[in-house]
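The stops below are given in the order in which they may be selected.

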Amino acid sequence: MNPAGLRSIDIRQLRYFLVVAEELNFRRAAERLHLTQPPLSRQIAALEQALGVALLDRALPGTRLTAAGEQARREFAQVVQAFDAALARVGTLAAAPRQSLRLGLPWWMDMSAFATLDREWRRATGLAPLEPVLEIGPELLAGLLQQTLDAALIAMPHDLQGLRHTQVARLRHVALVPAASPLARKRALRLADLQAGPVFLRFAKRANPALWTHYQRQYDALGFQPARERDAPGTSATIAQIAAGRGCTLMPQALARQRYPGVAYRRLLDEVSVDLYMVFSEALEPALVEALTAQRALFQVAIG
């Protein structure tokens, strides 16, 4: 056993192993963890290498625990429980009361609803006020992992790296088209209506490959193949391009509460959607995780 290797073991690897040990199926375990199978397999292999022992028997059809794996399942469950309990105890012993809860929000959220959200949150829970941080999904996840954020609303899929999470809502999308275009004359649109319209603007695949692929699968299933497509140049610039008649796009329906001159929002008859999850930092006190989970309805209202 390599002592240096043991020092490289991460608590997330133990959490990953416990899910695999419960499912005995890498595909199902990866789905529960919101991972793909290759990174999950790599993390388990790294754990086995650090320990110097095989935890899983992959020789036979199906996955089985070795004798060491059975012991690891029992021991690691106790370690993870002790780790979580220690965080909770330290959180309750903080010298000063929490002044705010740092909450990451998706860049497209209508912030005119935030004051109401914060007021209702404090009224319902009596807890610290919410401090909003607007960012794209990968940056929100980075903030959680670095513990500069306490919790965040993140559009899935993402590799959450073992962080605790709960689903908040499924968000349908609307079409944003130039107000002066023929498309704006219709009260509702289908994706087919956008195919020959202005250039279709969407975020670059390199910015978030998993989420880009999530949308592409929906477009493929609906037969949506825009004649012209370009990477969106950023939120404000995209809105400006649409207002100038040089593009169209899809965005979550919550954005429709924000009005921009020259931009028309139209209901989409085809369903394009994304699931929104509340994801928690490992350092967030269990009481706050429980409160945020219990108040999901407040966030559902805020995001429209």
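In what follows, a residue is buried when its relative accessible area is under 20%, exposed when that area is over 50%, and partly exposed in between (1.4 Å probe, protein chains only). The tour concerns a predicted model, in which local features need pLDDT of at least 70, side-chain atom pairs count only at pLDDT 80 or more, and totals for chains, interfaces and linings use all residues. Residues are numbered from 1 along each chain as its sequence is written, and side-chain values use heavy atoms, with hydrogens and water left out.

**Confidence**

Colour the chain by pLDDT, the predictor's confidence in each residue, from 0 to 100. The protein chain averages 87, and 94% of its residues score at least 70. Helices (H or I, at least four residues) and strands (E, at least two) are DSSP runs, numbered from the N terminus. Among these elements, helix α1 (residues 3–7) has the lowest mean pLDDT, 57, whereas strand β7 (residues 188–189) has the highest, 96. Where pLDDT is low, the predicted coordinates should not be read in detail.

**Helix α3**

Select helix α3 (residues 26–33), in which Phe26, Ala29, Ala30 and Leu33 are buried. These residues lie on the same side of α3, because they cover an arc of only 100° around the axis; the arc is that of the directions from the helix axis to the C-beta atoms. The cover over the buried residues of α3 includes α2 (11–23), α4 (37–51) and β1 (56–57).

Next, show Asn25, which caps the N-terminal end of α3 with a side-chain oxygen 3.0 Å from the backbone nitrogen of Arg27. After α3 comes His34, with a positive phi near 60°.

**His158**

Which residues does His158 contact, beyond its neighbours within four places in sequence? They are His34, Gly137, Pro138, Leu141 and Asn208, where contact means heavy atoms within 4.5 Å. His158 is in the loop between β5 (151–155) and β6, and it counts as buried because its relative accessibility is 8%.

Its side chain makes a polar contact with the side chain of Asn208 (3.2 Å). A polar contact is a pair of N or O atoms within 3.5 Å; within protein, one must be able to donate a hydrogen and the other to accept it, and residues adjacent in sequence count only if both atoms are side-chain atoms. A polar atom of the His158 side chain also lies 2.9 Å from the backbone oxygen of Ala155.

**The nonpolar cores**

A nonpolar core is a set of buried Ala, Val, Leu, Ile, Met, Phe, Trp, Tyr and Cys residues joined through side-chain atoms within 4.5 Å. The largest one has 57 residues, and those with the most contacts inside it are Leu176, Val177, Leu194, Leu250, Met278, Leu292 and Phe299. Strand β6 (residues 165–178) contributes the largest share of this core, 7 residues. Another core, of 23 residues, lies apart from it, with Leu14, Tyr16, Leu56 and Phe76 among its members.

Return to Met278 and display its contacts, which include Leu103, Ala151, Leu153, Val168, Leu292 and Phe299.

**Thr249**

Thr249 is in strand β10 (residues 249–252). It counts as buried, because its relative accessibility is 5%. The Thr249 side chain reaches the backbone oxygen of Leu201 at 2.6 Å. Residues that Thr249 touches include Val174, Leu176, Phe200, Leu201 and Ile242.

**Salt bridges**

The whole structure holds 17 salt bridges, each a side-chain nitrogen of Lys or Arg within 4 Å of a carboxyl oxygen of Asp or Glu. Select Arg102 and Asp150, whose side chains meet in one of 2.8 Å, N to O. Arg102 lies in strand β3 (residues 101–106) and Asp150 in the loop between α7 (137–145) and β5, so the pair ties together parts that are 48 residues apart in sequence. Arg102 is partly exposed at 29% relative accessibility, while Asp150 is buried at 3%.

Move to Arg202 and Glu229, which form a salt bridge with the closest N and O atoms 3.4 Å apart. Here strand β8 (residues 200–202) holds Arg202 and strand β9 (residues 229–231) holds Glu229, so parts 27 residues apart in sequence are tied together. Arg202 is buried at 8% relative accessibility, and Glu229 is partly exposed at 43%.
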